[in-house]
Amino acid sequence: MGATRFIETLVLSLLLLLSGSSATQRKKTRAAPRMPCKQMVFYFHDILYNGENAKNATSAIVGAPAWGNRTILAGQNHFGNVVVFDDPITLDNNLLSIPVGRAQGFYLYDRKDYFTAWLGFSFFFNSTQHRGSITFAGADPLNKTRDISVIGGTGDFFMARGIATLMTDAVEGDVYFRLQVYIKLFECW
């Protein structure tokens, strides 16, 4: 009986020693920060329909609050407006550059007390350099730079995951804005 108790104590002590050692080992080794597997920069150009620019408009208000209308963004930080878009994507900040794809989706202004939006859109590529799509979603607090999620893709970007840093590159009233989109993909197949 004394020998059995001694063996149990020895085994228990050994298990405690090993478990403490591996916990210490885990604390010492941290995973290195992941580097993006692909990085790209694009610009997309949004021209909001204002009742007079139907020929050039690439976006339109499809939902407005009771006090608003569908040709002018509502006051109170545009709260309640829902805008759909089909914007050209270029490799530089020139609206007249040859598009490499289209940005298609929507944004909605979701706060009365603060100027912010929520975005859901995809970049659709059909060029010699890229084929397929990248899908984005997230809150846009409309700061100088802000991050939204890359939540998927097709073609060259199959099942892509990552982050897109948006920067407002130009604004002309409520009718035109240009975003620089710096995409960092961390899962590439």
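The model is predicted, so local features need pLDDT of at least 70 and side-chain atom pairs count only at pLDDT 80 or more, while totals for chains, interfaces and linings use all residues. Residues are numbered from 1 along each chain as its sequence is written, and side-chain values use heavy atoms, with hydrogens and water left out. The structure holds four salt bridges. It also holds 15 aromatic pairs.

**Strands**

- Strands are DSSP runs of E with at least two residues, and they are numbered from the N terminus.
- Strand 5 spans residues 117–126 and is mostly covered. Seven of its ten residues are buried. Buried means under 20% relative accessible area, exposed means over 50%, and partly exposed lies in between (1.4 Å probe, protein chains only).
- Strand 4 and strand 5 run antiparallel and are joined by nine bridges. Two strands pair if DSSP finds at least two bridges between them.
- L108 has W118 of strand 5 as its bridge partner.
- Strand 5 also pairs with strand 6, again in the antiparallel sense, over ten bridges.
- L119 has G138 of strand 6 as its bridge partner.
- Four residues sit between strand 5 and strand 6, and the two strands form a hairpin.
- In a regular strand the side chains alternate between the two faces of the sheet.

**Salt bridges**

- A salt bridge is a side-chain nitrogen of Lys or Arg within 4 Å of a carboxyl oxygen of Asp or Glu.
- D86 forms a salt bridge with R102, with the closest N and O atoms 3.1 Å apart. This pair links distant parts of the chain: D86 is in strand 3 (residues 82–90), R102 is in strand 4 (residues 101–109), and they are 16 residues apart.
- D86 is partly exposed, with a relative accessible area of 32%. R102 is partly exposed as well, at 30%.
- R146 forms a salt bridge with D140, and the closest N and O atoms are 2.6 Å apart. R146 has a relative accessible area of 5%, so R146 is buried. D140 is buried too, at 3%.
- D169 and R178 meet through their side chains in a salt bridge of 2.6 Å, N to O. D169 is partly exposed at 27%, whereas R178 is buried at 13%.

**Aromatic rings**

- Rings of Phe, Tyr and Trp (its six-membered ring) pair if their centres lie within 6.5 Å; planes under 30 degrees apart count as stacked, over 60 as edge-to-face and the rest as tilted.
- The structure has 15 aromatic pairs. In one of them, the rings of F44 and F85 have centres 5.6 Å apart and planes at 10°, so the pair is stacked.
- F44 lies in strand 1 (residues 38–47) and F85 in strand 3, so this pair ties together parts that are 41 residues apart in sequence.
- F44 is buried at 3% relative accessibility. F85 is buried at 6%.
- The rings of Y107 and F177 have centres 6.0 Å apart and planes at 70°, so this pair is edge-to-face. Y107 is in strand 4 and F177 is in strand 9 (residues 176–187), so the pair links distant parts of the chain, 70 residues apart.
- Y107 counts as buried, at 5% relative accessibility.
- Ring pairs link a cluster. Its members include F42, F44, F85, Y107, F121, F157 and F177.

**D140 and its surroundings**

- D140 lies in strand 6 (residues 131–140).
- The side chain of D140 has a polar atom 2.9 Å from the backbone nitrogen of L142.
- D140 touches T116, A117, L119, R146 and L166, not counting residues up to four places away in sequence. Contact means heavy atoms within 4.5 Å.

**T165 and its surroundings**

- T165 is found in strand 8 (residues 161–172). At 16% relative accessibility, T165 is buried.
- The side chains of T165 and D147 make a polar contact of 2.6 Å. A polar contact is a pair of N or O atoms within 3.5 Å; within protein, one must be able to donate a hydrogen and the other to accept it, and residues adjacent in sequence count only if both atoms are side-chain atoms.
- Leaving out residues up to four places away in sequence, T165 touches T145, R146, D147, Q180, V181, Y182 and K184.
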